[in-house]
Amino acid sequence: MTTERSDPSAGPRHWADEAAESVLAAGRGAIVSSGISPSGEIHIGNMREVLTADAVFRALRERGAPARFNYVADNFDPLRRVYPFLDASVYEPLIGRPLSEIPCPCGAHRSYADHFLEPFLAALRTLHVEVDVEHADRMYKSGRMNEVVLLALEGRDRIAAILKELTGKQVEENWSPFNPLCPACGRITQASVVGFSRAKETVDYACACGAAGAVAIAGGGKLTWRVDWPARWRMLGVTVEPFGKDHATRGGSYDTGVRISREVFSWEPPYPIAYEWISLKGKGDMSSSKGNVLSITQALEVVPPEALRYLVMRERPARTITFDPGEPLLALVDAVEAATAAGAPDRALELSRAAGFSPAGVPFKHLVVVAQAAGFDLDATLATLDRAGYPGLDRGAVAERLGFARRWLERFAPEDLKFEVRGGLPEEAASLNAAQRAFLAAFADRLAPGQDGETVHQLIYELAPAAGVKPSEAFQAIYVALLGKPRGPRAGWFVTVVGAERCAARFREAAA
């Protein structure tokens with residue numbers, strides 16, 4: 001199911017369709033933009049912005065619009081502090097320098113910014129996000145930003161008045177919308193503008209380090225954030241852009257950007273899509289600087305790309321998403337599986353298509369248990385699933401899910417879902433009492449191939465009283481004999497997965 005939606009106006013209204021139609025109704029073109037400062041690991045919280053933009057971009061193209069989608073990597077931003085994941089002895093002296101001009105933490109990339117940006121861009125390719133990457137350092141160094149920088153310098157007083165009116169804050173007397181990059185100390189946070197020349201396209205500066213002189217606007221600094229954002233709208237021709245709720249507050253950077261865009265850059269601001277955060281279950285909003293993150297790369301190692309896209313596509317941007325990498329992550333994959341297999345119209349699913357998702361035909365949580373019972377052997381897994389009522393499964397799809405399942409178990413699975421069927425009788429079986437051993441002997445005699453999970457489960461409840469054990473003690477005996485621990489998956493179903501004959505032999509061994 002990889003065909004494009006033939007009639008975007010049909011079916012339930014999706015927020016991406018609403019945004020696309022509003023943008024086209026304005027008659028201004030269809031340039032979608034998104035971006036981030038690569039100061040730390042780019043996580044699935046950041047993913048919401050780029051996938052929100054991508055959904056609108058896809059909806060615009062479906063309507064025949066010559067849409068473009070650019071992603072601005074704000075790698076010309078300064079390093080603001082030494083984050084917990086950095087070596088203070090190395091990076092403390094580099095605070096204030098642009099991220100694009102700072103060494104890579106691992107030594108394998110061209111710069112600090114590329115260290116975090118490259119894996120993120122690779123993840124975007126996996127997610128099938130078709131985007132034109134704009135590097136902020138190149139935007140400035142190439143001279144493409146020169147005209148908007150000059151307009152900002154000439155409109156300095158108007159910008160200051162807008163900021164005071166909307167934020168209530170008076171800028172300092174020597175404030176400038178442009179932050180020069182001092183050639184002497186390499187910092188973009190220490191120098192002040194003392195003059196500029198439109199004809200020469202230069203800025204005169206004085207730096208706290210003692211240096212002074214003139215620098216070319218091209219590469220000689222960058223606009224401060226509240227001015228840089230609307231300047232990019234004009235330079236890139238942006239007509240629609242999503243952004244986080246922090247920018248959408250009254251007097252926030254979107255409010256000031258709207259006024260600066262219109263009054264200084266003579267550009268109508270883009271159609272806004274404010275979105276809520278993706279929080280990490282039990283840890284709150286994700287933050288690269290605090291280390292509270294799950295990277296997109298890590299997430300893509302445990303679920304198909306369609307599942308991560310669906311996480312964003314199925315919720316309106318204004319709704320909070322809580323990401324739980326535990327069992328709910330399995331349910332997310334199953335939701336995509338069920339929706340794909342059903343073949344019913346699902347606009348969120350259409351916008352989630354990425355890598356040709358093939359349904360495996362078996363619930364992911366079920367597969368996680370079967371895979372462990374089969375030792376992650378593909379043939380044994382398929383044979384077990386066949387006996388359990390899942391015949392004729394797509395071998396390739398199951399093989400792909402086994403990889404996801406193994407990595408999920410290693411990183412995110414709760415302990416009660418992790419197990420290994422021992423090759424021989426676990427030494428823990430010595431702790432079973434006489435009544436539990438009697439139960440296992442009786443249970444072994446009644447097990448037979450072809451029984452379903454519910455039949456086996458009821459058999460446990462039937463045999464436990466006769467052996468003089470509580471049901472909980474009977475379950476414990478089963479798990480100890482097979483796994484060497486007192487808990488495990490639902491017992492009746494689990495015994496059928498492992499196999500009646502194999503379990504019966506083990507139970508007899510434990511009983512003896």
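These questions and answers walk through a predicted model of the protein.

Student: How many helices and strands does the protein have?
Tutor: This is a predicted model, so the count describes the prediction. The secondary structure comes to 21 helices and 13 strands.

Student: Is the protein a compact globule or more spread out?
Tutor: Start with the box around the C-alpha atoms, roughly 95 × 55 × 40 Å along the principal axes. For 512 residues, the globule rule gives 24 Å. The radius of gyration is 30 Å, well over that value, so the protein is more spread out.

Student: What percentage of the residues count as buried?
Tutor: Buried here means under 20% relative accessible area. The protein exposes about 21700 Å², and carbon and sulfur atoms supply 49% of that area. Of the 512 residues, the share that counts as buried is 54%.

Student: What share of the contacts with a separation of 6 or more comes from residues 24 or more positions apart?
Tutor: Contact means heavy atoms within 4.5 Å. Among contacts with a separation of 6 or more, residues 24 or more positions apart account for 71%.

Student: How many Å apart are the mean positions of the positive and negative charges?
Tutor: The protein has 58 positive and 63 negative charges. Their mean positions are separated by 3 Å.

Student: How many residues are in the second, separate core?
Tutor: Val72, Leu163, Ile188 and Val227 are included in this core. Its residue count is 44.

Student: Which residues does phenylalanine 507 touch, not counting those up to four places away in sequence?
Tutor: Phe507 is among the residues with the most contacts inside the largest core. Set aside residues up to four places away in sequence. Phenylalanine 507 then touches Leu440, Phe443, Ala444, Leu447, Ile478, Ala481 and Leu482.

Student: What covers the buried residues of H14?
Tutor: Helix H14 spans residues 364–373, and nine of its ten residues are buried. Among them are Phe364, His366 and Gln372. Their cover includes helices H12, H15, H16, H20 and H21.

Student: Which residue follows H14 with a positive phi?
Tutor: The phi in question is near 65 degrees. The residue is glycine 375.

Student: Why is H20 largely enclosed by the rest of the structure?
Tutor: The cover of its buried residues includes H14, H15, H17, H18, H19 and H21. The buried residues are Ala491, Gly492, Phe494, Val495, Val497 and Val498. H20 counts as largely enclosed because the buried share of its eight residues is six.

Student: Is arginine 232 buried or exposed?
Tutor: Arginine 232 lies in helix H8, residues 225–236. Leaving aside neighbours within four places in sequence, its contacts include Asp74 and Glu241. At 4% relative accessibility, arginine 232 counts as buried.

Student: How far apart are the C-alpha atoms of proline 105 and histidine 115?
Tutor: Proline 105 is in the loop between helix H3 and H4, and it is partly exposed, at 35% relative accessible area. Beyond neighbours within four places in sequence, its contacts are Leu86, Tyr91, Tyr112, His115 and Phe116. Proline 105 and histidine 115 are ten residues apart along the chain, with a C-alpha separation of 7.1 Å.

Student: What phi does histidine 128 have?
Tutor: Most residues other than glycine have a negative phi. Histidine 128 is in the loop between helix H4 and strand S3, and at 39% relative accessibility it counts as partly exposed. Although not a glycine, histidine 128 has a positive phi of about 60 degrees.

Student: Is serine 266 buried or exposed?
Tutor: Serine 266 sits in the loop between helix H9 and strand S10. Its phi is positive, about 55 degrees, although it is not a glycine. The cut-off for exposed is over 50%. With 62% relative accessibility, serine 266 counts as exposed.

Definitions and conventions: Residues are numbered from 1 along each chain as its sequence is written. This is a predicted model: local features need pLDDT of at least 70, side-chain atom pairs count only at pLDDT 80 or more; totals for chains, interfaces and linings use all residues. Side-chain values use heavy atoms; hydrogens and water are left out. Helices (H or I, at least four residues) and strands (E, at least two) are DSSP runs, numbered from the N terminus. The radius of gyration is taken over C-alpha atoms; the globule rule is 2.2 Å times the number of residues to the power 0.38. Buried means under 20% relative accessible area, exposed over 50%, partly exposed in between (1.4 Å probe, protein chains only). Accessible areas come from the Shrake-Rupley method with a 1.4 Å probe; for residues, only the protein chains shown count as cover. Lys and Arg count as positive and Asp and Glu as negative; His and the chain ends are not counted. The place of a charge is taken as NZ of Lys, CZ of Arg, CG of Asp or CD of Glu. A nonpolar core is a set of buried Ala, Val, Leu, Ile, Met, Phe, Trp, Tyr and Cys residues joined through side-chain atoms within 4.5 Å.
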